[in-house]
Amino acid sequence: MLEFKNQLPFIENTSLQEVIKVCETPFYLYSQDKIIQKVEMTKKVLGENIFFSVKSNSNQAILKLMQSLNIGADVVSLGELKRSLSAGFDPSKIIFEGVGKSKDDLTFAIQKNIRLINTESLEEIKLLQSLALEQNKYVDIGVRLNPNIDGGTINKISTGKKTDKFGIEINEIENIINLMSDCKNLNLIGISCHIGSQISNINAYKNTFIEMKKSADKFSLSGINIKHVDLGGGFHVRYNKNDPEFKIENIKNELDDCFSKSNYELSFEPGRYLIAEAGILVTSIINAKQNGGINYLIVDAGMNTLVRPAMYNAYHEIEEITKKTDETMNYTVAGPICESSDIFVKNIHLTKQSIGDILIIKNTGAYGKVMSSTYNTRALPTEVLINGENFAIIYAPDKIEKNIEEDIIPSWL
Ligand code: LLP
């Protein structure tokens, strides 16, 4: 995404130096062109029924862009639902998932007539029925099934095994069918699943498709006509050159093998795949030191800005923008947070760097800003969107003083 023209870093036709002049580091920067390319490519392979997983990047400028590309939104909280509506998504293009939806969340979703509320338990179906009855409404719903498939991803982002908290076990389908006959205000028209994130194993997709086709047929045979089969997200992004290569076209082949003779409308909910590679995190070196023979570069972004390395041991490639010499050094890049896990990467080779130089942390468009926090009482990161030679700040965080003012000291203290 970052290109060097006459040794100066550019994103699309915008000079990074120009952005740095007006934006304090650390900040996230996204390329509109890259996002458009990825969405168009995905639609070309998997069809028009793509619902962007808002949790991966919920900035309303990004949501507006997604909406302008004619894709829908997949939300997992009332906040994400409100954000998507505020960004202009038509309710008919919003799917509401989530293992813990409250009465208020469901009431709001019913009032807004969104495309589908995907339920994740028999109890939730009962609650939804009582709320729909109360409002005298007929509501289209889906059920998220748990197909008991191990996607082969790391445990912290695996969701499709029967011991995971997500979805309704596939062997409960009979119970769902029975329950639906008591739910006169609900119209079960969809099934969905999501077996985890960062999944590259094609067999896992294949087995999921087979289970979902069998399940949809089972419902249909019982007289519940399933219209939508939502196959989730989870498509793999290559963060590391050693990562397996993942081709979305291979999924398409499996999909055709499994569903070509059926009339179900298939849909997907990718997040990471559409936006991870379109984002970078720009950070400044604020300290350089040697401890125990390790060359530390301390940058102003930390685990509060990008938590993925500390939380999942995730790898993000780091690149320098200033190459003063050809000589490289072995560095460990760490954030300023007072925790040993606040390390972005160990033992990388960069040309000699000094305090004030800028580093780029790559492929951070997904699960970057959305997971940032004010830990250690530090401000949230700014976000910038690049469009050709134009750029716009799309999130300007509050000054940290505002955060400090939000605490309320009770009168007895
Ligand atoms: N649909 C559902 C129901 C999901 O739970 C998720 C992600 C997605 C779709 C989108 O998955 P994706 O296409 O982005 O892989 N914070 C973690 C990732 C957690 C994903 C949770 N669910 C990370 O930084 O790797």
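**Note on helix packing, domains and ligand shell in a predicted model**

1. The axes of helix 4 (residues 78-86) and helix 5 (residues 103-112) come within 10 Å and cross at roughly 25°. That angle makes helix 4 roughly parallel to helix 5; angles under 35 degrees count as roughly parallel, over 145 as roughly antiparallel, 65 to 115 as roughly perpendicular and the rest as oblique. Axes are lines fitted to C-alpha atoms, for helices over the stretch in contact, and angles run from 0 to 180 degrees between N-to-C directions. Helices (H or I, at least four residues) and strands (E, at least two) are DSSP runs, numbered from the N terminus.

2. This is a predicted model, in which local features need pLDDT of at least 70 and side-chain atom pairs count only at pLDDT 80 or more, while totals for chains, interfaces and linings use all residues. Residues are numbered from 1 along each chain as its sequence is written.

3. The crossing of helix 4 with helix 5 is left-handed; a crossing is left-handed if the near helix is turned anticlockwise from the far one by less than a right angle, and right-handed if clockwise. Helix 4 contributes Leu78, Leu81 and Leu85 to the contact, and helix 5 contributes Asp104, Asp105, Phe108, Ala109 and Lys112. Two residues are in contact if their C-beta atoms, placed from the backbone, lie within 7 Å. The contact of helix 4 with helix 5 holds five nonpolar, no polar and three charged residues. Here Ala, Val, Leu, Ile, Met, Phe, Trp, Tyr, Cys and Pro count as nonpolar, Asp, Glu, Lys and Arg as charged, and the others, Gly among them, as polar.

4. Helix 5 also packs with helix 6 (residues 122-134), at an angle of about 50° and with the axes 10 Å apart. Helix 5 and helix 6 are therefore oblique to each other, and helix 5 passes helix 6 in a right-handed crossing. Lys103, Leu106, Thr107 and Ile110 of helix 5 meet Leu127, Leu128, Leu131 and Ala132 of helix 6. By class, this contact has six nonpolar residues, one polar and one charged.

5. Helix 8 (residues 202-221) and helix 9 (residues 248-259) have axes 10 Å apart and pack at an angle of about 25°, which makes helix 8 roughly parallel to helix 9. Their crossing is right-handed. On helix 8 the contact residues are Ile202, Tyr205, Lys206, Phe209, Ile210 and Lys213, and on helix 9 they are Asn250, Ile251, Glu254, Leu255, Cys258 and Phe259. Eight of the residues in this contact are nonpolar, one is polar and three are charged.

6. The protein chain is assigned domain 1 (2-28 + 278-405) and domain 2 (32-275); such bounds come from an automatic or database domain assignment. The centres of domain 1 and domain 2, taken over C-alpha atoms, are separated by 33 Å. In the contact between the domains, 19 residues of domain 1 meet 20 residues of domain 2. On the domain 1 side, strand 20 (382-387) and strand 21 (390-395) each supply at least two residues. Strand 20 gives the largest share of that side, four residues. The domain 1 side that touches domain 2 comprises eleven nonpolar, five polar and three charged residues.

7. The ligand is surrounded by 21 residues, the closest being Ser197, Gly233, Gly271, Arg272 and Tyr367; a residue is near a molecule or strand if its C-beta atom, placed from the backbone, lies within 6 Å of it. Helix 10 (272-275) and helix 11 (308-312) are the elements that give two or more residues to this shell. The shell divides into seven nonpolar, nine polar and five charged residues. Domain 1 and domain 2 both give residues to the shell, so the ligand lies between them.

8. The peptide bond from Thr25 to Pro26 is cis, with omega near 0°, and Pro26 is found in the loop between helix 1 (16-22) and strand 4 (27-31). Asn313 is not a glycine, yet has a positive phi of about 55°; Asn313 is placed in the loop between helix 11 and strand 16 (318-320). Most residues other than glycine have a negative phi, and most peptide bonds are trans.
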